[in-house]
Amino acid sequence: MPQLDDIEPQDDRDLAESCLKGVQKHCKRLFNKHHNILFVYIKVRVGDGEDAKDLTQETMLRAYRGLEGFSWDSSFKTWLFSIAKNQCIDYVRRKQAKKRTGNEIRIEANDGMADIIDESIKSDSHAIIEKKEAMDIVNAAIRQLPKRQREVLQLRQQGFSYDQIKDKLKIKKSSVGTNLTAALKNLKALLEKHYKDKNK
């Protein structure tokens, strides 16, 4: 019969406490538990896969360094994602600053898409979702959108401005905003349905 000391911790708080005591395998388990879904969240916000990898690692490092001072007023996951969100905000600001100085950087605000995917994917409390699987879920939902909404959303996510989308699709600028709003609303509904059905 296993002794209490032999039981491996599974809860985030137990893993964190063990990590702070120097048990490296529990540090690894704690951060690996959230790594993939965190990467997806960051990837959606920043667009670039390589930068998302770097920001994911930086987020993990900051969380590790701040673990001792974490008060547990929220869940570990919520705290981790708040660090990631701040990392992404800083990233966007740096890129936009470079863009203003004349460097050729294509990055625009994501119009709330990351927040939608954040709500839908991050709420899946079961799971380590593989990066490819999670992005496949998002892409599959996007493919279900009406053609015009899908086109506007995809161009916007690629960094095109409203004016550029208007010219490319030969539609009114107001139609860009209307279709984008509808696309985000429908995308949120599709993702919520997916995760609701998955957790039945």
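## Exercises on a predicted helical model

Helix α7 spans residues 147-157, and its buried residues are Q149, E151, V152, L153, L155 and R156. Keep in mind that this is a predicted model. Grab the viewer and let's work through some exercises.

**Exercise 1. Find the residue just after α7 that takes a positive phi, and give the angle.**

Solution. 
- Step 1: Go to helix α7, residues 147-157.
- Step 2: Look just after α7, where G159 has a positive phi of about 100°.

**Exercise 2. Find out how many disulfides the whole structure has, and which cysteines form a disulfide.**

Solution. 
- Step 1: Searching the whole structure turns up one disulfide.
- Step 2: The partners are C19 and C27, with sulfur atoms 1.9 Å apart. The cut-off for a disulfide is 2.5 Å, so this pair qualifies.
- Step 3: For the handedness, turn to the S-S bond: the angle about it is 100°, and the link of C19 and C27 is right-handed.

**Exercise 3. Decide whether C19, C27 and C88 are buried or exposed.**

Solution. 
- Step 1: Recall the cut-off: buried means under 20% relative accessible area.
- Step 2: C19 has 4% relative accessibility, so C19 is buried.
- Step 3: C27 has 5%, so C27 is buried.
- Step 4: C88 has 3%, and therefore C88 is buried too.

**Exercise 4. Describe how helix α1 and helix α2 cross, and which residues meet there.**

Solution. 
- Step 1: Take α1 as residues 12-20 and α2 as residues 24-46; their axes come within 8 Å and cross at roughly 140°.
- Step 2: That angle makes α1 oblique to α2. Angles over 145 degrees would count as roughly antiparallel.
- Step 3: The crossing of α1 past α2 is left-handed.
- Step 4: On the α1 side, the residues are D12, L15, A16, S18 and C19; on the α2 side they meet H26, C27, R29, L30, K33 and H34.
- Step 5: Sorted by class, this contact has five nonpolar, three polar and three charged residues.

Key:
Residues are numbered from 1 along each chain as its sequence is written. This is a predicted model: local features need pLDDT of at least 70, side-chain atom pairs count only at pLDDT 80 or more; totals for chains, interfaces and linings use all residues. Side-chain values use heavy atoms; hydrogens and water are left out. Buried means under 20% relative accessible area, exposed over 50%, partly exposed in between (1.4 Å probe, protein chains only). Axes are lines fitted to C-alpha atoms, for helices over the stretch in contact, and angles run from 0 to 180 degrees between N-to-C directions. Helices (H or I, at least four residues) and strands (E, at least two) are DSSP runs, numbered from the N terminus. Angles under 35 degrees count as roughly parallel, over 145 as roughly antiparallel, 65 to 115 as roughly perpendicular and the rest as oblique. A crossing is left-handed if the near helix is turned anticlockwise from the far one by less than a right angle, and right-handed if clockwise. Contact means heavy atoms within 4.5 Å. Ala, Val, Leu, Ile, Met, Phe, Trp, Tyr, Cys and Pro count as nonpolar, Asp, Glu, Lys and Arg as charged, and the others, Gly among them, as polar.
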